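Please find below a colleague's note on the structure shown here.

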Amino acid sequence: MASAFSATAKFAQPLPLNTTSSARSQDKLSPPALFDPFRTSSSAATSPFLGSTRQLLCKSNRPLSHRRSSSSSAVVAVSDVKQKKPKSSSNLLITKEEGLELYEDMVLGRSFEDMCAQMYYRGKMFGFVHLYNGQEAVSTGFIKLLTKEDSVVSTYRDHVHALSKGVPARAVMSELFGKTTGCCRGQGGSMHMFSKEHNVLGGFAFIGEGIPVATGAAFTSKYKREVLKEPNSDHVTLAFFGDGTCNNGQFFECLNMAALWKLPIVFVVENNLWAIGMSHLRATSDPQIYKKGPAFGMPGVHVDGMDVLKVREVAKEAIGRARRGEGPTLVECETYRFRGHSLADPDELRDPAEKAHYAARDPISQLKTYMFENNLVNESELKAIDKKIDELVEEAVEFADESPVPDRSQLLENVFADPKGFGIGPDGRYRCEDPKFTQGTAQV
Ligand SMILES: Cc1ncc(C[n+]2csc(CCOP(=O)(O)OP(=O)(O)O)c2C)c(N)n1
Ligand SMILES: [Mg+2]
C-alpha cells in the first residue's frame, strides 16, 4: 500500500530539521517520507485546493495567480494519491477489512449526528450543538490508525472524534442529553466530550484551547520515554482544530514548542473554509495553512479532506513520524461541513454553488465508489453495516432517554475545590438557588 501511494505522489526525502551536515546525513538513513520542505512541488500548484478560492478571490480583487506566485511552495501537496488506478489488487490502498472499518466509522459519525439534529430540535439537548457532517473522512482517516493509548484533542465539534476513538455511542448520546451515564456524567455536554479510558482529552469550546493541551500530552509522552526511561511510551497525540483557529496565538506558540522539542504530535487542521460566517479567505493573510509548518521547521501537507483514503495515507506518514520520534507534522485537510456552524445557525451565508460542489464529494459516497470499483465489497455488505449502525444509534437514544439526570449533589462537582463560601452559602444551600443571587445581594 505504501508503495502505491509513494509511487503516485512522488515523495521526496524526509525533512532535515536543521541544516548541519550531520543532521543531513542522518536523514539519508531514514525511510522515504512524504515531505520535503526544500522542494518546490509542481503538484502543489496544480492539485485541487480550496474549492471556493477562485470565486472568492475574484470577489475581493485578489487574483489567485498573485497569491501563488508570491510564495514558491516548499511543501509537497498530496492530493493526487489516487490519480493512477491500481493495476492489481495488491496495489489497493486498503484491504477489504480496512475498507469496511473506515466505512462503518464514517457511517456511524454521519448517522449519529443526523440523530443529534433530530434530538436537538425535539428539545433533548441543551446549549449549542455543532455537527461534523461532511468532515468524517478527517476523523476516520486519522483516528482509526491510533492505538488506545494515543490521545486525541478536539474542539466543540467533537462527537465524531470521540466515536472514532472508541467512546461508545450511548455514552456520547447520554452526555449530549446531560445524563449521568454520559462520558462526563452529564456535566460536559456537547462541547466537552472527555474519556480518560479512551484518551479523548476533551472537546474545547474556546477555539485554540485544545492545542496547548495536546502539546502537553505529547510532551508527557516524550518525557516518559526520554526522562523516565519508559521505552513503551511512544504515544502520539492528534490535535484537531479548524481553519479559523489557525489565526490564534496558541496555534503558533504550540507549533514552535512542538518543533523545538520534536514532540510526537500531529496538528490536524480541519479547513472547512469557514469560521462561523467568516470566509477563511477573508480572515487570513495566506490561506494555505500547511505552508506554516516549514516556517517552524516541521513538514506541512495539504490533503483532500473529503477523501478518507488520501487522508489516511497522509495520516500514516505523519503518525509514523511522530511515533518514530521524528517530530510533529502540520496536516491541512480541505473539507466542508454540510450543515450550518451549529444547529442554531440557519446557514444562509454560504453560496449554494459552493455547498453543492462539496456535497458532490461526500466522503462516504467516495469510499463506496472506490470499494465497488475495486470489487472490495458488495452492496449487501454495506447495507448490513448501515442497518447495524441505525440500530446502534437508536439504542443510544433509548439509553440516553431512559438514563437519570445528575443528582443535585453533582452540581458543583469539579467547579470549586471547596464550594463552601463560593457555590455554597453559610446555610449550606447552593447560592445559585437564592432568589437574590442574580441581584448580587445573596448571602455569602
Ligand atoms: C477564544 C475564542 N474566540 C472566539 C470564539 C467564538 N467562536 C466560536 S466558533 C468560532 C469559529 C471557529 O472556526 P474554525 O476554527 O474554522 O472551526 P469550525 O467551526 O469551522 O470547525 C469562533 C470564532 C471562541 N469559541 N473562542
Ligand atoms: Mg472552519
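The numbered points below take up these topics in turn.

1. This is a predicted model, in which local features need pLDDT of at least 70 and side-chain atom pairs count only at pLDDT 80 or more, while totals for chains, interfaces and linings use all residues. Residues are numbered from 1 along each chain as its sequence is written, and chains are lettered from A and ligands numbered from 1 in the order in which they are written.

2. Around ligand 1 there are 16 residues (C-beta atom, placed from the backbone, within 6 Å). Ile207, Gly242, Gly244, Thr245 and Ala275 come nearest. Strand S2 (237–242) and strand S4 (274–275) are the elements that give two or more residues to this shell; strands are DSSP runs of E with at least two residues, helices runs of H or I with at least four, numbered from the N terminus.

3. The largest nonpolar core has 90 residues. Such a core is a set of buried Ala, Val, Leu, Ile, Met, Phe, Trp, Tyr and Cys residues joined through C-beta atoms within 7 Å. Val172, Ala239, Val266, Val268 and Val331 have the most contacts inside it, and helix H6 (residues 96–121) supplies its largest share, 9 residues.

4. Asp105 lies in helix H6. Asp105 is buried because 23 other C-beta atoms lie within 10 Å, the cut-off being 20 or more, with C-beta atoms placed from the backbone. The C-alpha atoms of Asp105 and Ala137, 32 residues apart along the chain, are separated by 9.2 Å.

Key:
A residue is buried if 20 or more other C-beta atoms lie within 10 Å of its own, exposed if 12 or fewer, and partly exposed in between; C-beta atoms are placed from the backbone.
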